[in-house]
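Subject: Structure for your files

Hello,

Here is the structure you were expecting. My notes on it follow below.

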Amino acid sequence: MRQWGLTFYIRVNLQGSFHTYPDVGGPFPSLQETHNAIDRHLEGRWHPKLRMGPDDNVSTMDKVIRRCLYWPDGRIKRHTKSSSTRAANKRMHQFIQALVDKYNDDHNLLGDLALKLKDVLHYQPICENHIWYYHLNFTAKTKEADGLHSTSDNLFFVEVKRMGIGNYEEMLFSCFCMVNPDNGKPCKGCTNNGTVDMKHPDTDEYFAGHLDAYLPFGCFGKWSDSDDDDKYVKAREAKLRHMYELTVMRFACLAEFGCLEIINFCGLNACTTPVCT
Ligand SMILES: [Zn+2]
């Protein structure tokens, strides 16, 4: 959902039903019905000032600027470290919940026997040979082996491989296991990129992290934490208006001299693209 700056995860259970994270109802019998439910969910989140049509009294410049400054639900498009971290934590919690539910479903772990996600501890994207992976640590409640009703918190490691490109990606887990926090093999993919506390299995059950690789340059963009939201919006709006006016002036000059050229508003559109987190 690039237009909304949101990510939805879809899990298919063994019966072929579709579940969404975050939850928008369901389970749904088909992918198409899942998409329809997500569309209905988003439809209800439009901010009135951002639902702009051809017949309203808002100028083209104001429409462009609003779309550059805000997501459709009214959130400010701003890449601060704190807001990006909060959003990434929330997204990862939903992602790992989907993985845990998938694991429980695949292993027929029901009721007390099911893993129950507790805390998301670490997540690290890794890129090796143009393939993207995630390494993840989280704690989950598991039933004790004594067969009684006692439970304990255990540390888990999951490796996920990302398949596909564009708006849709398939996530395949290649390793899902409990780990001992005092043992485990070193992983260059995590340590090279700053996640030194990630705990890995002590076997070769996972694929990524063995090469001395770093994340591609430019994957993480500039933070804009220095100003508060109001100050940021005012400064950004003034800059966008200036850019828009320059572009319109250039178009007027070209028309004057009889040149036919399509003006590319790349300077304005660039601000709508969040960097990957
Ligand atoms: Zn790792």
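**What was found**

Asn129 is found in the loop between E3 and E4; helices (H or I, at least four residues) and strands (E, at least two) are DSSP runs, numbered from the N terminus. This is a predicted model, in which local features need pLDDT of at least 70 and side-chain atom pairs count only at pLDDT 80 or more, while totals for chains, interfaces and linings use all residues. Residues are numbered from 1 along each chain as its sequence is written.

Phi of Asn129 is positive, near 50°, in a residue other than glycine. Asn129 counts as exposed because it has 7 C-beta neighbours inside 10 Å. (A residue is buried if 20 or more other C-beta atoms lie within 10 Å of its own, exposed if 12 or fewer, and partly exposed in between; C-beta atoms are placed from the backbone.) His130 is in the loop between E3 and E4, and its phi is positive, near 65°. With 6 C-beta neighbours inside 10 Å, His130 counts as exposed.

Next, helix H3. It covers residues 81-106, and at 1.5 Å a residue its 26 residues should span 38 Å; the end C-alpha atoms are 37 Å apart, which agrees. The expected span is 1.5 Å times one less than the number of residues. The buried residues of H3 are Phe95, Ile96, Gln97, Leu99 and Val100. What covers them includes strands E1 (9-12), E2 (18-21), E3 (116-128), E4 (131-143), E5 (151-163) and E6 (170-178). After H3 comes Asn108, with a positive phi near 55°.

Leaving aside residues up to four places away in sequence, Ile96 touches Leu117, Val120, Leu136 and Phe138; contact is taken as C-beta atoms, placed from the backbone, within 7 Å.

Ile10 has Thr20 in E2 as its bridge partner. Five residues lie between the strands of this hairpin, where Gly16 takes a positive phi near 90°.

Two cis peptide bonds are worth a look. One runs from Tyr21 to Pro22, with omega near 0°, and the other from Gly26 to Pro27, with omega near 10°. Pro22 lies in the loop between E2 and helix H1 (31-43), and Pro27 lies in the loop between E2 and H1.

Regards

How values were computed
Contact = placed C-beta atoms within 7 Å. Pairing = 2+ DSSP bridges.
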